[in-house]
Amino acid sequence: MKNKDHNYFMNEALKEAKKAFLKDEVPVGAIAVKHGKIIARAHNLRESKQDFSAHAEFIVMQKAQKKLGSWRLEDVSIYVTLEPCPMCAGAMIQSRIKDLYFGAKDPKAGAVCSVLKLLDNPFNHQIHYEGDILFESASELLKDFFKKLRS
């Protein structure tokens, strides 16, 4: 896939993150893509739902499996604006996500390349991943949110 495509899809994930921002949720957005088409969209809803698992990437995987009628998401790529946490990275392994593309790294809870390198372990399913896609946009949105929260 071309860099231009990655930027397009990450921009779509950023649109979801902005929806979370407007709901006073940590602004993380995710989309699921299969064969070059968006099949699901989601953003963080942890506060709204009072549910620890309501992370953008967790919700988008649930929507994708519902749309596809299978828990196996083998041909699905996930674009998320923030590096996944251990729960979400583990769910990606379990659902057999093909590719993961993320924006900003998460130095406090990232489980792909920051705190843990969960996807580098020899699990029965390997996920191709790339980070730092439009990271400045993703990072700025998060910084703005936490600045707003503190004021």
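This is a predicted model: local features need pLDDT of at least 70, side-chain atom pairs count only at pLDDT 80 or more; totals for chains, interfaces and linings use all residues.
Strand β1 covers residues 29–34 and is joined to β3 by five bridges. These two strands run antiparallel. Within this pairing, Lys 34 stands opposite Val 76 of β3. Strand β3 spans residues 76–82 and is also joined to β4, again by five bridges. Here the sense is parallel. The chain passes from β3 to β4 by way of helix α4, residues 86–95. This β-α-β crossover is right-handed. Tyr 79 lies opposite Tyr 101 of β4. Leu 82 has Ala 104 of β4 as its bridge partner.

Strand β4, residues 99–104, has a further partner in β5, residues 128–130. Three bridges connect β4 and β5, and the pairing is parallel. In this pairing, Leu 100 faces Tyr 129 of β5. Burial was then examined for the strands β3 and β4. Seven of the seven residues of β3 are buried, so β3 is largely enclosed by the rest of the structure. Strand β4 is mostly covered, with six of its six residues buried.

The cysteines were considered next. A disulfide is a covalent bond between the sulfur atoms of two cysteines. The search of the whole structure returned zero disulfides. Cys 85 takes part in none, and its nearest cysteine sulfur belongs to Cys 88, at 3.8 Å. Cys 85 is buried, at a relative accessible area of 14%. Cys 88 is buried as well, at 0%. The limit for burial is under 20% relative accessible area, so both values qualify.

Most residues other than glycine have a negative phi. Asp 24 has a positive phi, near 60°. This residue sits in the loop between α1 (3–22) and β1. Asp 24 is partly exposed, with a relative accessibility of 48%. Gln 50 also has a positive phi, near 50°. Its loop lies between α2 and α3 (56–68). Gln 50 counts as exposed, at 64% relative accessibility. The threshold for exposed is over 50%, so Gln 50 passes it while Asp 24 stays in the partly exposed class.

Two further loop residues were placed in the same way. Asp 75 belongs to the loop between α3 and β3. At 40% relative accessibility, Asp 75 is partly exposed. Its C-alpha atom is separated by 14 Å from that of Gln 94, which is 19 residues away along the chain. Pro 122 lies in the loop between β4 and β5. Pro 122 is exposed, at 78% relative accessibility.

Rolling a probe the size of a water molecule over the atoms shows where empty space is left. The largest pocket has a volume of about 660 Å³. Its lining holds 27 residues. Closest to the pocket centre are Val 26, Leu 82, Asp 106, Leu 142 and Phe 146. Which helix supplies the largest share of the lining? Helix α5 does, with eight residues. Helix α5 covers residues 135–150. Helix α2, residues 46–49, likewise supplies at least two lining residues. By class, the lining contains twelve nonpolar residues, three polar residues and twelve charged residues.

Notes. Residues are numbered from 1 along each chain as its sequence is written. Side-chain values use heavy atoms; hydrogens and water are left out. On a 1 Å grid over the protein atoms alone, a cavity is a set of points where a 1.4 Å probe fits but cannot get out, and a pocket is an open set with protein on both sides within 12 Å along at least five of seven lines; lining residues have an atom within 4 Å of a point. Grid points are joined across faces, edges and corners, and a volume is the space filled by probe spheres set on the points. Helices (H or I, at least four residues) and strands (E, at least two) are DSSP runs, numbered from the N terminus. Ala, Val, Leu, Ile, Met, Phe, Trp, Tyr, Cys and Pro count as nonpolar, Asp, Glu, Lys and Arg as charged, and the others, Gly among them, as polar. Buried means under 20% relative accessible area, exposed over 50%, partly exposed in between (1.4 Å probe, protein chains only). Two strands pair if DSSP finds at least two bridges between them. A crossover is right-handed if, with the strands pointing away from the viewer, the path from the first strand over the helix to the second runs clockwise. A disulfide is a pair of cysteine sulfur atoms within 2.5 Å.
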